[in-house]
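Thanks for asking me to look through this one. Below are a few points to read with the structure open beside you.

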Amino acid sequence: MRLIVARCEVTYTGRLTAFLPDSTRLLMIKADGSVLVHADAGGYKPLNWMTPPVVLEDGGDVLVVRKRAGRSEDRLEIRLVEVLSDVSHEMGEAAALEKDGVERDLQLALAEQPEAVAEGLRLVQREWPTDIGPVDLMCRDEDDGWVAVEIKRVGTIDAVEQLTRYLERIRLDPAKSGCAGILAAQQFKPQALTLAEARGIRCSEVDLALLRGEREPALTLFAF
């Protein structure tokens with residue numbers, strides 16, 4: 001990972017145009033091709049970023065990051081005014097993320113009962129690998145289409161973003177270009193539901209107690 005602390009100007013062009021004037025920022029260039037621009041304020045989210053696959057052109061005082069986006073191209077141009085620090089670190093192989101107990105139990109239960117996520121779903125593999133991490137369940141639907149399922153205790157915006165990144169990588173394979181995504185969780189934040197709908201990702205509410213058979217589903221009364 002390369003970490004650069006510098007006064008810089010940042011220009012983004014593509015689906016929209018954005019400009020960050022001269023200021024001191026942290027630039028993170030990861031081995032997987034991710035490029036992030038951080039300020040010393042605003043929490044953990046970067047001011048701007050590019051996700052792989054990208055092309056990085058290092059001109060010394062200008063870094064240009066390019067990424068194809070359909071028929072157009074996204075471009076992040078970072079003009080270095082003054083470099084305060086420029087270091088690289090070998091991070092080694094990352095240890096796999098260990099889910100908390102609820103998420104792990106949900107994954108095991110849904111691997112045995114994928115139809116609880118969506119009718120007709122059948123499991124192909126747990127922990128399906130991508131080059132940015134494994135998606136929880138890779139399944140097939142009733143029409144034999146591919147479906148990637150990510151499982152969370154609580155469905156948040158970050159969970160939607162994570163599944164979006166997995167889908168980007170999975171769809172690079174022409175055989176899986178139409179792969180659908182489902183986020184399964186015990187509960188969802190309203191903002192996550194809105195973002196998932198905009199991204200074409202289905203949300204499926206699941207109940208661990210029901211999956212384990214620890215309680216009966218609520219009965220619905222119908223009047224005739």
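1. A cut-off to begin with: a residue counts as buried under 20% relative accessible area, as exposed over 50%, and as partly exposed in between. Please keep in mind throughout that this is a predicted model. With a relative accessible area of 38%, Asp 144 is therefore partly exposed. Asp 144 belongs to the loop between strand 9 (135–140) and strand 10, and its phi is near 70°, a positive value in a residue other than glycine.

2. Glu 127 also deserves a look, as its phi is positive too, near 50°, again in a residue other than glycine. Glu 127 is part of strand 8, and its relative accessibility of 32% makes it partly exposed.

3. Which residues form the aromatic pair? The structure holds 1 such pair, and its members are Trp 128 and Trp 146. Their ring centres are 5.6 Å apart and their planes meet at 55°, so the pair counts as tilted. Because Trp 128 lies in strand 8 (residues 122–128) and Trp 146 in strand 10 (residues 146–155), the pair ties together parts that are 18 residues apart in sequence. Trp 128 counts as buried at 17% relative accessibility, and Trp 146 counts as buried at 15%.

4. Arg 140 lies over the face of Trp 146, 3.8 Å from the ring centre. The charged end of Lys 176 also sits over the ring of Trp 146, at 4.7 Å from its centre.

5. Now to the helices. Two packed helices are described by the angle between their axes and the distance between the axes. Helix 2 (residues 157–170) packs with helix 3 (residues 190–199) at an angle of about 25°, the axes being 8 Å apart. Helix 2 is therefore roughly parallel to helix 3. From helix 2, the contact takes in Ile 157, Val 160, Glu 161 and Thr 164; from helix 3, it takes in Gln 191, Ala 192, Leu 195, Ala 196 and Arg 199. By type, the residues of this contact are 5 nonpolar, 2 polar and 2 charged.

6. What is the peptide bond from Pro 52 to Pro 53, cis or trans? The bond is cis, with omega near 5°. Pro 53 sits in the loop between strand 4 (48–50) and strand 5 (55–58).

7. Lastly, Leu 108 is in helix 1 (residues 101–112) and counts as partly exposed at 39% relative accessibility.

Terms used. Residues numbered from 1 in each chain as written. Predicted model: local features only at pLDDT ≥ 70, side-chain atom pairs only at ≥ 80, totals over all residues. Heavy atoms only, no water. Axes fitted to C-alpha atoms, helices over the stretch in contact; angles between N-to-C directions. Helix = DSSP H or I, 4+ residues; strand = E, 2+ residues; numbered from the N terminus. Parallel < 35°, antiparallel > 145°, perpendicular 65-115°, else oblique. Contact = heavy atoms within 4.5 Å. Nonpolar A, V, L, I, M, F, W, Y, C, P; charged D, E, K, R; others polar. Phe/Tyr/Trp six-rings, centres within 6.5 Å; stacked < 30°, edge-to-face > 60°. Buried < 20%, exposed > 50% of the residue type's maximum accessible area, 1.4 Å probe, protein only. Lys NZ or Arg CZ within 6 Å of the ring centre and 35° of its normal.
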